[in-house]
Number of protein chains: 2
Amino acid sequence: MIIDVHGHYTTAPKALETWRNRQIAAIGNRADMPRASEFRIDDDEIRESIERNQLRSMRERGIDLTIFSPRASFMAHHIGDFEVSSTWAAICNELCHRVSRLFPDHFVPAAMLPQSPGVDPATCIPELVRCVEAYGNVAINLNPDPSGGRWTSPPLSDRHWYPIYEKMVEYDIPAMIHVSTSCNPCFHTTGAHYLNADTTAFMQCLASDLFKDFPTLRFVIPHGGGAVPYHWGRFRGLAQELGKPLLADHLLRNVFFDTCVYHQPGIDLLTRVIPVDNVLFASEMIGAVRGIDPETGYHYDDTRRYVEAARIDAAAKQKIYEANARRVYPRLDAALNAKGQ
Amino acid sequence: MIIDVHGHYTTAPKALETWRNRQIAAIGNRADMPRASEFRIDDDEIRESIERNQLRSMRERGIDLTIFSPRASFMAHHIGDFEVSSTWAAICNELCHRVSRLFPDHFVPAAMLPQSPGVDPATCIPELVRCVEAYGNVAINLNPDPSGGRWTSPPLSDRHWYPIYEKMVEYDIPAMIHVSTSCNPCFHTTGAHYLNADTTAFMQCLASDLFKDFPTLRFVIPHGGGAVPYHWGRFRGLAQELGKPLLADHLLRNVFFDTCVYHQPGIDLLTRVIPVDNVLFASEMIGAVRGIDPETGYHYDDTRRYVEAARIDAAAKQKIYEANARRVYPRLDAALNAKGQ
């Protein structure tokens, strides 16, 4: 079985964006605020949006299952207040839940949180609970910068975030550390902000003792870990300067990297540098880079090809494709076991 | 000849830091502000600080020449106003000039600029002119984020920066794009902010047509280009999505990467992915990562070992070690030619 741990619902029917635009337009004018109940998409529209896009490519590429969360760039936690984020997150999470019900063999949901800059992350707990208990979500996406490129929240090692971690530990779910749209003109969203956030989050963990407080907390750093594997020697050296244990002991029981790296040399480096138990297959398809690579004739984000061609043995590939995901996402494993998979 | 294009005076005598601390303490209280003339270090102190540190390691590693600029993390452009930065830059640049006079065969200076958040970069021109004309500087360090992790300046593609570029083109000098200390607790200075800035700067160039306006402008992206070579497929794909030419045509006449990547797999990736004409030898020694790698028994920042072991031929190594630097830094080439080197 091949599990893609990083997919977003980037192809949701237009009605979603329309509702969101109405919501944004009504900020500061409560009377115009659309109700959640005014958002309606029927199952056929959802089916079509998935079958023609993600599911078609999954079938072409031999991907069995995707952990599926709301579109990352649309989370836009910087827009409006907690109320705005809360309604928006509820709608988006419900939609991914519906995808998972319509395609139970192919999509398992992960939740976005109703984060809002300056608001206590504990306010996200009710939505998290609902997504896990009612919707069967197996993970959350945690945005380390709800300001959208201003980086006004404390580091992930700060107690600020502990309410989320306590709930994650209780439910035994991991978080993918994933920012949203950058509203800082310095940072291109998918070309800088995403990768920077990955590197930043990793270094926040490295410089702290977060995992002493939460020995079972698990973070998945997307986009191949940003700059981290490429600079693994730098990070080993920095840990040494900071008097931390070896990274294998300090972080690698808790931090995992996905394979969203869109060329062969990148995946070769990732699989050479990072222990195989810490690498999880993912493509973020359909996402930031949708084109066909003229150098290969295949889609940039067809990461399975790179993993297949990497110099690792079949047992390592099986871990990357399936076993690691089942270990890092125990609720996914339980759901698969319940189906005899 | 082996040229290291990325060295900072991180070992300056204590008097430098003492003067700076007095300056910082006096901000907002003009009467207490120390004069530049109160800063005094004699040549012997400078000699010792270099001979025992950078020069010793250069000799051990077989590095002939280092392009040497003020300590990056001490630039701290976010501190004080333009006046504060201006006095500080003048002192630091004079010190690197003195190093280059004391060790003319081993150090060639590059200038820091008296940048200050919200201040027109044109104000940096007099210091730049002085450094090139009076001190023989062959390059500048340009900080894309003088706010120190708040990222309040426009992208490097903005006309805001054009006065600097016009002078760079006139003098035919490149800029290393190098941030300074992060005062944003989210960003560890050397473990996140530096790498993020490298990625950010590259993407700012990619998303723009800056080099149409300045076809001969040259940027050196330090720290191996941040996340860029590891994600080269992503950047090729993003250029495609943005309707830009192939990166070779769009950026690689103007953008270069140094080899400050502190492990073998990173240098292997860099030299596999980035055309050899765009890779410049560097170590940033003595810098962020000073320890010895227990996996190799050598210093993390002994990047020559990685380049030596990379699967590239002798001609490629000669480009990385010398020829590219002489092409990208023509004033260095001229200075070497004048000495018959």
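This note goes through the fold of chain A, from the whole chain down to single strands.

1. **Basis.** This is a predicted model, in which local features need pLDDT of at least 70, side-chain atom pairs count only at pLDDT 80 or more, and totals for chains, interfaces and linings use all residues. Residues are numbered from 1 along each chain as its sequence is written, chains are lettered from A and ligands numbered from 1 in the order in which they are written, and side-chain values use heavy atoms, with hydrogens and water left out.

2. **Overall make-up.** Chain A has 15 helices and 9 strands. Both are DSSP runs, numbered from the N terminus: helices are H or I with at least four residues, strands E with at least two. The radius of gyration of chain A is 19 Å, close to the 20 Å from the globule rule for 341 residues, so the chain is as compact as a globular protein of that length. That radius is taken over C-alpha atoms, and the rule is 2.2 Å times the number of residues to the power 0.38. The C-alpha trace spans about 55 × 45 × 40 Å along its principal axes.

3. Of the 341 residues, 62% count as buried (under 20% relative accessible area; exposed is over 50%, partly exposed in between; 1.4 Å probe, protein chains only). Take contacts (heavy atoms within 4.5 Å) between residues at least 6 apart in sequence: 76% join residues at least 24 apart.

4. **The three-stranded sheet.** An open sheet of 3 strands in chain A runs in the order β1-β2-β3, with parallel pairing. Two strands pair if DSSP finds at least two bridges between them. The edge strands are β1 (3–9) and β3 (107–109), each pairing on one side only. The twist averages 35° from one strand to the next; axes are lines fitted to C-alpha atoms, for helices over the stretch in contact, and angles run from 0 to 180 degrees between N-to-C directions. Strand β2 (residues 65–70) meets β3(A) in the parallel sense over 3 bridges. There, A:F68 has A:P109 as its bridge partner.

5. **Around β8.** Strand β8 (residues 255–258) of chain A sends A:V255 and A:F257 one way and A:F256 and A:D258 the other; all are buried. Strand β7 (residues 219–221) runs parallel to β8(A), joined by 3 bridges, and A:F219 stands opposite A:V255. Strand β9 (residues 279–280) also runs parallel to β8(A), through 2 bridges. Here A:F257 stands opposite A:V279.

6. **The crossover.** β8(A), helix α12 (residues 264–273) and β9(A) form a right-handed β-α-β unit. Right-handed means that, with the strands pointing away from the viewer, the path from the first strand over the helix to the second runs clockwise.
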